[in-house]
Amino acid sequence: MDNSVIIGPQALPALAELLHRPAVSRVFVLADSNTARLCLPLLENHLPANYKLIEIPAGEEYKTLASCDTVWCELTAQRADRHAVLVNLGGGVVTDLGGFAAALYKRGIRFAQVPTTLLAQVDASVGGKTGVDFQGYKNQLGVFQEPAGVFVEPRFLQTLDPRQLKSGYAEVIKHWLIADAEAFNINRRLGWLTDDWTTIIRESVALKQRIVAEDPLEAGPRKLLNFGHTVGHALESYLLTQPGREALHGEAVAAGLVCESWLSVQRGLLSAEELDKIETFVFSVFNKLDFVTLETNAIAEFALQDKKNAGATINCTLLSGIGHGVYDQAVTVAEIAESLRYYHRLQA
């Protein structure tokens, strides 16, 4: 088995070929309550007849060790050995959590990613990052572990509502901002709706794969992929503590793209004209997230737990122009709070 990403109608038949190999002792499918209902019927014909479904509740609030415990208990009850394969059928929560659970069970069993959301297809399932949230902090626990393969079937996107589809588009915009100015300038005029997600998925995956191949363990250039995420994760984590105010990952990242672009202007790295283009594009797709000025310091303090930090230094990825990310840019909690106040003042 190699670590390939297969995109398009051939993806699920390729998964079936992998799962029916003699070296595979048993197949388990991890799904959440949504993907078990909406996506499993499309996958089922490609699975061995004796596969076992493991289901967890849907939602970021279930991306926890408790959900891993559900997976590990079921694998143990079924006497899964080290030749078993876990197929993760879902969005970023399922692919992150499933990869993490597989990496730890019996010191590691193979897993395959079958991403069903745009966010997971262009970003979360690719690159070998796995993990769960812990004590309210995003992806606080995790390991780098490459899957046996990533199998991207764009037809799964038909199961998404527009809000979930938009959430994934934030990661696409991020890829353009850090590494593809031409695609940014073309697509900001076209709008986000398209009949051909396959092309966008292929281009985003190829861009991410190039960066990850250069820096698999995020010691350097891979940090570029975190643009929008220092502020975005802080905002997402804070709103998860506020019942009824939760934001989707991509919605928080979209806000982070604006905030961190503004920070780039403050550093003299990005022009005001470029910031205006970014804001116009982001707000043509996403509504503003709702918070009050008094909350900005509390939100910003979540960035103190960001994984890119070095000691007390918050390391952020910024832009030195559209299409050019720069990593390891030290920012303070106060600067993050000020960027959130800037975002709050904007008229979207």
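This is a predicted model: local features need pLDDT of at least 70, side-chain atom pairs count only at pLDDT 80 or more; totals for chains, interfaces and linings use all residues.

Modeller: We may begin with a strand.

Biologist: Is strand β9 mostly covered or mostly exposed?

Modeller: Strand β9, residues 314–319, is mostly covered, with six of its six residues buried. I314, C316 and L318 point one way, whereas N315, T317 and L319 point the other way, and all are buried.

Biologist: In which sense do β9 and β10 pair?

Modeller: The pairing of β9 with strand β10 (residues 325–331) is antiparallel and runs over five bridges. Within it, I314 stands opposite V331 of β10. The two strands form a hairpin with five residues between them, and G321 in the turn has a positive phi of about 110°.

Biologist: What is known of H324?

Modeller: H324 is placed in the loop between β9 and β10. Its relative accessibility is 48%, so H324 counts as partly exposed. Leaving aside neighbours within four places in sequence, H324 is in contact with L177, I178, A179, L318 and L319. By contrast, H324 and I56 are 39 Å apart in space, C-alpha to C-alpha, and 268 residues apart in sequence.

Biologist: How should I read a pair of aromatic rings?

Modeller: A pair of aromatic rings is described by the distance of the centres and the angle of the planes. In this model the count comes to 12 aromatic pairs. One of them joins Y137 and F302, a tilted pair at 5.6 Å centre to centre with 55° between the planes. Y137 lies in strand β7 (residues 137–144) and F302 in the loop between α13 and β9, so this pair ties together parts that are 165 residues apart in sequence.

Biologist: Are Y137 and F302 buried or partly exposed?

Modeller: Y137 counts as partly exposed because its relative accessibility is 23%. F302, at 18% relative accessibility, counts as buried. A further pair is W176 with F281: the ring centres are 6.4 Å apart and the planes are at 10°, so the pair is stacked. W176 lies in helix α7 (residues 162–179) and F281 in helix α12 (residues 272–285), so the pair ties together parts 105 residues apart in sequence. W176 is buried with a relative accessible area of 4%, and F281 is buried with a relative accessible area of 2%.

Biologist: Which residues do ring pairs link into a cluster?

Modeller: The cluster consists of Y169, W176, F184, W192, W197 and F281. A ring may also have a charge over it: the charged end of K288 sits over the ring of Y343, 5.7 Å from its centre.

Biologist: How does one check the length of a helix, for instance α10?

Modeller: The expected span is 1.5 Å times one less than the number of residues. For the 12 residues of α10 (residues 229–240) it should be 16 Å, and the end C-alpha atoms are 15 Å apart, which agrees.

Biologist: What covers the buried residues of α10?

Modeller: Of the 12 residues of α10, 11 are buried, among them H229, H233, E236 and Y238. The elements that cover the buried residues include β7, α7, α11, α13, β9 and α14.

Biologist: Which residues does S261 touch?

Modeller: S261 lies in helix α11 and counts as buried because its relative accessibility is 0%. Not counting residues up to four places away in sequence, S261 touches F227, L270, L275, I278 and L319.

How values were computed:
Residues are numbered from 1 along each chain as its sequence is written. Side-chain values use heavy atoms; hydrogens and water are left out. Buried means under 20% relative accessible area, exposed over 50%, partly exposed in between (1.4 Å probe, protein chains only). Helices (H or I, at least four residues) and strands (E, at least two) are DSSP runs, numbered from the N terminus. Two strands pair if DSSP finds at least two bridges between them. Rings of Phe, Tyr and Trp (its six-membered ring) pair if their centres lie within 6.5 Å; planes under 30 degrees apart count as stacked, over 60 as edge-to-face and the rest as tilted. A charge sits over a ring if NZ of Lys or CZ of Arg is within 6 Å of the ring centre and within 35 degrees of the ring normal. Contact means heavy atoms within 4.5 Å.
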